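Subject: Structure handover

Hello,

Here is the structure I said I would pass on. Please open it alongside this message; my notes follow below it.

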Amino acid sequence: MFVNGPIMGKGSGLPWWVWCCGSYLDLCPLSRKVNKIKFLGKETRESLCCRKHRQILCHIALPLEHLLLEDSRVATAVGVEVPDKMKSRIPVVLLACGSFNPITNMHLRLFEVARDHLHQTGMYKVIGGIISPVNDNYRKKDLVAAHHRVAMARLALQTSDWIRVDPWESEQAQWMETVKVLRHHHSELLRSLPQTEGPDHGRAHSLAPTAVPELKLLCGADILKTFQTPNLWKEAHIQEIVEKFGMVCVSRTGHNPKEYISGSAILQRYQHNIHLVREPVQNELSSTYIRRALSQGQSVKYLLPDAVITYIKEHNLYTGDSS
């Protein structure tokens, strides 16, 4: 099988970088492009050369499953046996923070699109998703009580086998900054890891570091723009989010995430840990629109899960009277 195009991967941040370790790759340093990739047998030696410069000047180790093209499709060798590739991937849990006032189908869609994207990189396996509704003390206009928003999220997730709602943030005595919510859930992930008994007096030891899941903040690309708003985010918090945890940002109409990244020294430095995901089905559905439609007595069927619509009606939420 032959593939044309520049290589992308995890590493130095250059436009042609490659995450390396494994098989072999021949790369032309003059064009810094690979125009031909040839996969040979089970040993998967990749022979690459630049047609323009006709030079093969260096060899770089490269695992097949981490070889990506510009459009993020995993390049797969024909006839190469890859036993359960998911087992060798980095486990990831996605965390979405927000009002969820109310939760909509597009909130749920973010998780599905992000999971597909991370799986297609060949590097990650998404093992869970968490929805964390904001605390009532956030004091946002028209924000209904947290117990309603948590209940609606639970109803919306009845059909999901990998996403759950977590009420911890909403149950705190005060509003929590996003980075503190990430720290909490990261600690919970570490605490939930299987423990093995160590030789030193039976003390428990966690598994090898490779088994520790990564926690990434899932959001719309518009969140990157809010990082530029004066006094909204602390720079130290922005750095901790992108350096320690990482982000998965799903595209939104009218927003240019690459521009937001280029305009921030911190985001530029850690752009390798910011995954930009293109939503193929652009939809501007928002909770704001849902609240407006409900207050005007308009139908929101097929925009929210039916169970959520029923809950809203039963508790008289988002109506003109409740507002």
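Predicted model: local features only at pLDDT ≥ 70, side-chain atom pairs only at ≥ 80, totals over all residues.

The largest pocket holds about 1,400 Å³ of space. Its lining is made up of 46 residues, and those nearest the centre are Cys97, Gly98, Ser99, Asp222 and Ile223. Several elements give two or more residues to this lining: strand 7 (90-98), helix 1 (105-120), helix 3, strand 12 (214-220), helix 4 (222-226) and helix 8 (287-295). Helix 1 provides the largest share, with 5 residues. Sorted by class, the lining of the largest pocket has 19 nonpolar, 17 polar and 10 charged residues.

The loop between strand 7 and helix 1

Most residues other than glycine have a negative phi, and most peptide bonds are trans. Two places in the model depart from that. Phenylalanine 100 is not a glycine, yet its phi is positive, at about 50 degrees. This residue sits in the loop between strand 7 and helix 1. The peptide bond that joins asparagine 101 and proline 102 is cis, with omega at about 5 degrees. Proline 102 also has its place in the loop between strand 7 and helix 1.

Helix 3 and helix 5

Helix 3 covers residues 178-192 and helix 5 covers residues 235-245; their axes come within 9 Å and cross at roughly 30 degrees. Angles under 35 degrees count as roughly parallel, so helix 3 and helix 5 are roughly parallel to each other. The crossing is left-handed. On the helix 3 side, the contact is made by Thr178, Val179, Leu182, Arg183 and His186, and on the helix 5 side by His237, Glu240, Ile241, Lys244 and Phe245. This contact has 4 nonpolar, 3 polar and 3 charged residues.

Helix 2 and helix 9

What angle do helix 2 and helix 9 pack at? Helix 2 (residues 146-156) and helix 9 (residues 306-314) pack at about 150 degrees, and their axes are 8 Å apart. An angle over 145 degrees counts as roughly antiparallel, so helix 2 and helix 9 are roughly antiparallel to each other. Their crossing is right-handed. From helix 2, the residues His147, His148, Ala151, Met152, Leu155 and Ala156 meet Ala307, Val308, Tyr311 and Ile312 of helix 9. By class, the contact between helix 2 and helix 9 has 8 nonpolar, 2 polar and no charged residues.

That is the end of my notes.

Regards

How values were computed. Residues numbered from 1 in each chain as written. Heavy atoms only, no water. Axes fitted to C-alpha atoms, helices over the stretch in contact; angles between N-to-C directions. Helix = DSSP H or I, 4+ residues; strand = E, 2+ residues; numbered from the N terminus. Parallel < 35°, antiparallel > 145°, perpendicular 65-115°, else oblique. Left-handed = near helix turned anticlockwise from the far one by under 90°. Contact = heavy atoms within 4.5 Å. Nonpolar A, V, L, I, M, F, W, Y, C, P; charged D, E, K, R; others polar. 1 Å grid on protein atoms, 1.4 Å probe; cavity = no way out; pocket = protein on both sides within 12 Å on 5 of 7 lines; lining within 4 Å. Points joined across faces, edges and corners; volume = space filled by probe spheres on them.
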